[in-house]
Amino acid sequence: MKKKIIAMILAGGQGSRLKKLTKDVAKPAVPFGGKYKIIDFPLSNCVNSGIDTVGVLVQYKPFLLNRHIGVGSPWDLDIEGAGVSILPPYSTESENRWYKGTADAIFQNENYINMYDPEYVLILSGDHIYKMDYDKMLDFHISKGAGATVAVIDVPLDEASRFGIMNTTEAGEIYEFEEKPKSPKSTLASMGIYIFNWSLLKKALREDQLDKNSEKDFGKNIIPKLLEEKQKLMAYPFAGYWKDVGTIESLWASNMDLLDASNPIDLFNKNWRIYSQATNKPGHLLEEDAVIKNSIISEGCIIKGEVINSVLSAEVVVEEGAKVHNSVILAGAVIKKDSYINRIILGEKVITEEGKKYGKKDEILFVTGEDE
């Protein structure tokens, strides 16, 4: 069962900044782009990169996420001797163990990783939107003789304080890590994507467990400790589209990005597909007076009104005279006759009021049936 590399996806996040959208589901299970869940992106990246063994570490309200992943068949991860495994926290005879941090989550699954005896472990977040060939990152890691490699993306200087920043030499070797610095020295933001030599990571995780002051976190503890030990850490530059959809505003904006003709993530690229569970819904129906412009319309939708620059999930109904502009409509919602939707995310199965206007010019709203 020995593998060259396996992936571990950290998918236990609550996503509290997404407010009511993550009230009952983990952030990686939040809908995106009409037919996907956020978790579909790292899972699809893995299979497109040739990685066939993936552990998904869950914790916060995991039922819908577990059901969505299932045995991994949409991603061809239902294979013997590899595939996808759901890895929740577990109890021992002496204690109940919740994951205390990202590093602790990996440490608790050391036996799972050892079962495949990998040379390298890829650590991913389950709640980012992007396409990346991890095989190219692994080639970079090996060619540089690194103990660990961190994927980085160049961000605007005025946004750098929101991220963990990697300061590097001209050759790309990391010499300093700064967690959300007030005065950043560089603009190379960590993407939360790591490749480690498993032997090195295993040792670092075991030592971290003995540190009572540690927060058991990769960014705050493991990476700084490896730098203190003068281990060779490299920054892998990524130039593609990447979005942390951690807020209502960023989730809305990344959906709107899909409607941009120059959108770099390009869901229609046959050479790097994003896979998901099939919905098995009927095709969408556009009635005689329907007006559709620059929008994604998913299966089972019935459109009688106007939809402009919007993303509609499955089985959405837009009634006569209703207008949907610049919005993200989740599955099963009904936009009633003559109502107007602009710059909002409308929750699943929400039924709007007939003739009512929704949305503000200066704010992105998430509207649910509980908002009255």
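Mentor: Ile-303 has Val-318, in strand β20, as its bridge partner, a strand here being a DSSP run of E with at least two residues, and a helix a run of H or I with at least four, both numbered from the N terminus. The model is predicted, so local features need pLDDT of at least 70 and side-chain atom pairs count only at pLDDT 80 or more, whereas totals for chains, interfaces and linings use all residues. Residues are numbered from 1 along each chain as its sequence is written, and side-chain values use heavy atoms, with hydrogens and water left out.

Strand β17, residues 302–303, runs parallel to β20, residues 317–318, and two bridges join them; strands pair when DSSP finds at least two bridges between them. Both belong to an open sheet of four strands with parallel pairing, whose order is β14-β17-β20-β23. At its edges are β14 (285–286) and β23 (334–335), each of which pairs on one side only.

Now turn to Asp-127, which sits in the loop between β6 (120–125) and β7 (128–130). Because its relative accessible area is 12%, Asp-127 counts as buried, the word for values under 20%, with over 50% called exposed and the range in between partly exposed, using a 1.4 Å probe and protein chains only. Its side chain makes a polar contact of 2.3 Å with that of Ser-125 and another of 3.5 Å with that of Lys-27; such a contact is a pair of N or O atoms within 3.5 Å, where within protein one must be able to donate a hydrogen and the other to accept it, and residues adjacent in sequence count only if both atoms are side-chain atoms. Leaving aside residues up to four places away in sequence, Asp-127 touches Lys-27, Pro-28, Ile-38, Asp-244 and Val-245, contact meaning heavy atoms within 4.5 Å.

Asp-127 also belongs to the lining of the largest pocket, where 46 residues take part and Arg-17, Ser-125, Asp-127, His-128 and Asp-244 lie nearest the centre. A pocket is an open set of points on a 1 Å grid over the protein atoms alone, with protein on both sides within 12 Å along at least five of seven lines, and lining residues have an atom within 4 Å of a point. Among the elements that each supply at least two lining residues are β6, β8 (148–154) and β13 (242–244), while β11 gives the most, with four.

Methods:
On a 1 Å grid over the protein atoms alone, a cavity is a set of points where a 1.4 Å probe fits but cannot get out, and a pocket is an open set with protein on both sides within 12 Å along at least five of seven lines; lining residues have an atom within 4 Å of a point.
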